[in-house]
Every structure is written in C-alpha cells, then in structure tokens.
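The entries follow the order in which I made them.

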Amino acid sequence: MKYLIAGLGNIGAEYENTRHNIGFNIVDAMAASAEVSFVTERKASVAELRFRGRTVILIKPTTYMNLSGEAVNYWMQQEKIKTENLLVITDDLALAFGTLRLRQKGGSAGHNGLTNIIETLNTESFARLRFGIGNNFGKGQQVNYVLSQWNAEEKKLLPERIDFAVEIVKSFVAVGINLTMNQFNNK
C-alpha cells in the first residue's frame, strides 16, 4: 500500500524557515528520522521510505504554494495513490501556534495551496494536517506574517511540535485517519 504525504511550502532560500513552509519542515523531519534524502524530480522534491510495511512518498512541491495541486496530482498519478491515502500538511492562521488538527476533508479556509489542490483534484475529500501558526499580525499584514520567520519563543518550541506532527503522520499511515484523529486531535 502506498501513501503520499505532501508538505506544502515555497521553494527558495527566502522562504526557508518561514511560517508558510511548516509543511516542508515536517516532511523534512520525517525524511531525516527515516534517514532518507529528497531528490528533485518532476514538480517536487521527493523522498521515499518504508513504514510498517507501507511505502510512503514524501513530496515538497516545487511549483510554489499557489500551484501545489499540480505536484500533488502528478505524484498521485505517477505512484497510483488513492485519494484516501493522501495527506497534505499545511500552515493554518486560524489555529494557535503549534496546535495540530487532522481532518478527513474540508474546504481550503482561504489557504491558496489547499484551494489549488481542491480545484486540481476536484474534491475536498482528502486528509489534511493543519499546523497552527497563530494570527499575531496587524490589518493588511497577513502575507508578511505568513512569509516571516518564527519568533524566538516559537523557535524554542518548534522542534517538539514538528516531532509531534511526524508522529501524527506515522499514525495516519499505520492505522488510518479515524483512529489517528481520535488519538491526536486536541493534544
């Protein structure tokens, strides 16, 4: 059985370690824990690992956030992965910093990467892990906030929250969405 885990973010040094790139950070941590490396291929940087007898394809789209659906769709087709085995990891302004929420389906909540994936796949029925980045910004400053670096307090807490997100991803692969939501949401 194969799974596609898509960590969303933007390519380029200017976006590294920004709030909007938390999806990249989480799949990077998962790859590091499995001692596998990413290779840039068509529409994404890709790493493959085995976990509990399952093949897990990790991708970081190279299409930029607003065209994430192109990479997700390409790799789902390339690897013949069913929609129920797709997990998209993204930042979320509506959640407090470090809060993690796993959902089976839903809208984009204004997130351009999710919007493009929904439009490209023509469905809202795919799992997504939302990582809270908070909303500590003034009027009209949303773009600057999501593309900014973590503050000092967040940087201290980030490694533990990323590790927790990796545990959620592993659980999704091992036991599925429902048991994982029951075990991890609201923690």
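Which residues in H2 meet which residues in H3? I found that Ser68, Gly69, Glu70, Val72, Asn73 and Met76 in H2 meet Gly113, Asn116, Ile117, Thr120 and Leu121 in H3; contact means heavy atoms within 4.5 Å. By class, I noted four nonpolar, six polar and one charged residues in the contact of H2 with H3. Here Ala, Val, Leu, Ile, Met, Phe, Trp, Tyr, Cys and Pro count as nonpolar, Asp, Glu, Lys and Arg as charged, and the others, Gly among them, as polar.

Source note. This is a predicted model, in which local features need pLDDT of at least 70 and side-chain atom pairs count only at pLDDT 80 or more, while totals for chains, interfaces and linings use all residues. Residues are numbered from 1 along each chain as its sequence is written, and side-chain values use heavy atoms, with hydrogens and water left out.

Helix geometry. I looked up the axes of helix H2 (residues 68–79) and helix H3 (residues 112–121), which come within 7 Å and cross at roughly 45 degrees. H2 is therefore oblique to H3; angles under 35 degrees count as roughly parallel, over 145 as roughly antiparallel, 65 to 115 as roughly perpendicular and the rest as oblique. Helices (H or I, at least four residues) and strands (E, at least two) are DSSP runs, numbered from the N terminus.

Burial in H3. I listed Gly113, Leu114, Asn116, Ile117, Ile118 and Leu121 as buried, meaning under 20% relative accessible area with a 1.4 Å probe, protein chains only. The buried residues of H3 pack against H2, strand E5 (86–92) and strand E7 (127–132). Just after H3, I noted a positive phi of about 60 degrees at Asn122.

Strand E4. I found seven of the eight residues of E4 (residues 54–61) buried. Strand E1 (residues 2–7) runs parallel to E4, joined by five bridges, and Ile5 has Leu58 as its bridge partner in E4. Strand E3 (residues 44–51) runs antiparallel to E4, joined by eight bridges, and Arg50 has Thr55 as its bridge partner there. Two strands pair if DSSP finds at least two bridges between them. The hairpin of E3 and E4 has two residues between the strands, and Arg52 takes a positive phi near 50 degrees.

Ser171. I located Ser171 in helix H5 (residues 152–175). Ser171 counts as buried because its relative accessibility is 8%. Leaving out residues up to four places away in sequence, I found that Ser171 touches Gly176, Thr180, Gln183 and Phe184.

Terms used: Buried < 20%, exposed > 50% of the residue type's maximum accessible area, 1.4 Å probe, protein only. Axes fitted to C-alpha atoms, helices over the stretch in contact; angles between N-to-C directions.
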